[in-house]
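Trainee: Could you walk me through this one? I would like to start with the sheet and then go on to the helices.

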Amino acid sequence: MAPVSWHSVDLTLDECIKCNICTSHCPVSAVTDLFPGPKYVGPQAQRFREGGQSRSPDHSVDYCSGCRVCNEVCPTGVRIAELNARARAQIVAEKGLPLRNRLLGRNELLGKLGSFAPALANFALHNAFSRFMAEKVMGIAREAPLPTWSTSGTFRDWLKRTRDRRLKSDKKVVYFHGCATMYYEPFIGKAAVVVLEHNGYEVIVPEQNCCGLPLLSNGEFNAARTYHRNNVSRLAGYARTGLPIVGTSTSCTLTLKEEAPELLDYHDEPATTLKLGTYDIFEWLRELYEAGELRTDFQPLPLKLPYHAPCQQRAHRIGKPALELMALIPELELAESHARCCGIAGTYGYKVEKYQIAMDVGAELFEFVKAQGQDVRYTACDSETCRWQLEHGTALPSRHPIEILAAAYGLYDLERRDVVAGKR
């Protein structure tokens, strides 16, 4: 594997003033001595990496979860999380990648394989013996909240079954569903489609593949580059014509907008066009609302709802549009989490050596939910892996904010996680 190149992200290390604000806010270094903190493994260690030509002097960078809290709090704009991701990729280039990490990085492939026989795949993945063996042989933590394949078909299966009922309109929006919605949570896509159609938009769902974030997180930059290139070729044309590209996985949209272009130095015209034309779905819906074009015919939802804005959502630097729009729903009592991270960090918390770190990081969030009282039925979060971690840590069902909005429109059943019969 070719060495990782170092470009604009690397230059930000000289802005580090050694103030240690990043380390004081880091949720990982707060719970384990295995990670000495963002400053040490980021800008400080980077000065010794000689432009990526020598071995990283400190492999503790692998314990960075990539939560980007350090980026949020850095007063001088050092791209610490990106420096750490590049350092991890350099380790992979030099030493190779364990089979476990290679598998965890290929969420799309695993989702596709399991979807051929989802009931069998769920049994094979989730029984106690297979989880024990996966931990002993592969190093995948037996308690980790792995996803469950949809047994009612994929999201595209639903689109095909309902194509005659889908709205046709002069107003159009492109939907990037991501792997989780495609194979594990098609109900998220259903909720998004009915919300967009309720607001008068025809939903276009082009061919697409994994955004590449699991590969980036595990240091497989070359494979991630192929994924991103494919998405650029399939989606940039829509953005070029002025059609917005919206996604319900805030991690996927951040990858298309920022992580893939920056980490892979992918800045040609099509990639930039896609970057500028991609939105988190609530970012775009808030723009509709501010323009007076979002329907607000919400039914009351008498729920107390703890909401956690995940790390990847905060990294968009767009505020908390989901929280703003859910606040318009009558009788919905929102409780905003200020926890730094849920701990799971994509595939980070699936690894046996990091599972307990992930749970310790997430304890702040779990305690926040517990403090809201016994009458809480659901939590809400924009990221799929964070929702799975929330459910794991609190034993409460978690919902995407788009499900909450769809339910408030009277189009969606929150308990069954399906479109209401007779609705689009």
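Trainee: So in what order do the strands of the open sheet come, and is the pairing parallel or antiparallel?

Mentor: The order is 2-1-3-4, with four strands and parallel pairing, where strands are DSSP E runs of at least two residues, numbered from the N terminus, and two of them pair if DSSP finds at least two bridges between them. This is a predicted model, in which local features need pLDDT of at least 70, side-chain atom pairs count only at pLDDT 80 or more, and totals for chains, interfaces and linings use all residues. Residues are numbered from 1 along each chain as its sequence is written, and side-chain values use heavy atoms, without hydrogens and water.

Trainee: Which strands are at the edges?

Mentor: Strand 2 (202-204) and strand 4 (278-280), each pairing on one side only. Strand 4 is joined by three bridges to strand 3 (residues 245-247), and I245 stands opposite T278 in strand 4.

Trainee: Switching to helices, how do helix 12 and helix 17 cross?

Mentor: The axes of helix 12 (residues 186-198) and helix 17 (residues 281-290) come within 13 Å and cross at roughly 15 degrees, with axes fitted to C-alpha atoms over the stretch in contact and angles running from 0 to 180 degrees between N-to-C directions. Helix 12 is therefore roughly parallel to helix 17, a label for angles under 35 degrees.

Trainee: Which residues meet there?

Mentor: A192, V195 and L196 of helix 12 meet I281, W284 and L285 of helix 17, contact being heavy atoms within 4.5 Å.

Technical notes: Angles under 35 degrees count as roughly parallel, over 145 as roughly antiparallel, 65 to 115 as roughly perpendicular and the rest as oblique.
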